[in-house]
Amino acid sequence: KQWYQRRVAITAGSIKKQGDCSNNINKYQIKYREKCCDIGIVGDHVRSELKNLVGDIPAKISDIAGDIGTLQQALSYYQVFARFLINDPDLEVCPLLFFISQHGNGTVSQFETGTLPAPESDSDSSV
């Protein structure tokens, strides 16, 4: 009799655990789809969908660079304000944002040196 009651209790516990697991599967599938939606993919073929997103990066960076151009007045105001607070007329704040607002989507070399890098030719490379 005890053996039978113990088996019934184990079976009931197993059925409850199976139901909990099914609920968790559904809950995590919903969370997975939400996270995929947050990053802009469907989630069926993650690798290929992420590869496609990488191709969109240059266009997004150009859009952001264009939007930063509209911040020129706010950046200038912030720089004047920071120079006043710190009492340093030569203080540079947000130099990269200033560069992007004036030149758009440039290169790191252009930002650091102020000039565009020379185009690389294939004959010069010795690999």
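## Exercises on helices and rings

One aromatic pair is counted here, where rings of Phe, Tyr and Trp (its six-membered ring) pair if their centres lie within 6.5 Å. The model is predicted, with local features needing pLDDT of at least 70 and side-chain atom pairs pLDDT 80 or more, while totals for chains, interfaces and linings use all residues. Residues are numbered from 1 along each chain as its sequence is written, and side-chain values use heavy atoms, leaving out hydrogens and water.

**Exercise 1.** Classify the pair formed by Phe99 and Phe111.

*Solution.* Start with the cut-offs: planes under 30 degrees apart count as stacked, over 60 as edge-to-face and the rest as tilted. The ring centres of Phe99 and Phe111 are 5.4 Å apart and the planes stand at 70°, so the pair is edge-to-face. Helices here are DSSP runs (H or I, at least four residues), numbered from the N terminus.

**Exercise 2.** Describe how helix 3 (residues 57-69) and helix 5 pack.

*Solution.* Axes are lines fitted to C-alpha atoms over the stretch in contact, and angles run from 0 to 180 degrees between N-to-C directions. Helix 3 and helix 5 are therefore roughly perpendicular (65 to 115 degrees). Then find the contact (heavy atoms within 4.5 Å): Ala65, Ile68 and Gly69 of helix 3 meet Leu97, Ile100 and Ser101 of helix 5.

**Exercise 3.** Find the direction of helix 4 (residues 72-86) relative to helix 5 (residues 95-103).

*Solution.* The two axes come within 10 Å and cross at roughly 150°. That makes helix 4 roughly antiparallel to helix 5 (over 145 degrees). Finally, list the partners: Gln72, Leu75, Ser76 and Gln79 of helix 4 touch Leu97, Phe98, Ser101 and Gln102 of helix 5.

Methods
Helix = DSSP H or I, 4+ residues; strand = E, 2+ residues; numbered from the N terminus. Parallel < 35°, antiparallel > 145°, perpendicular 65-115°, else oblique.
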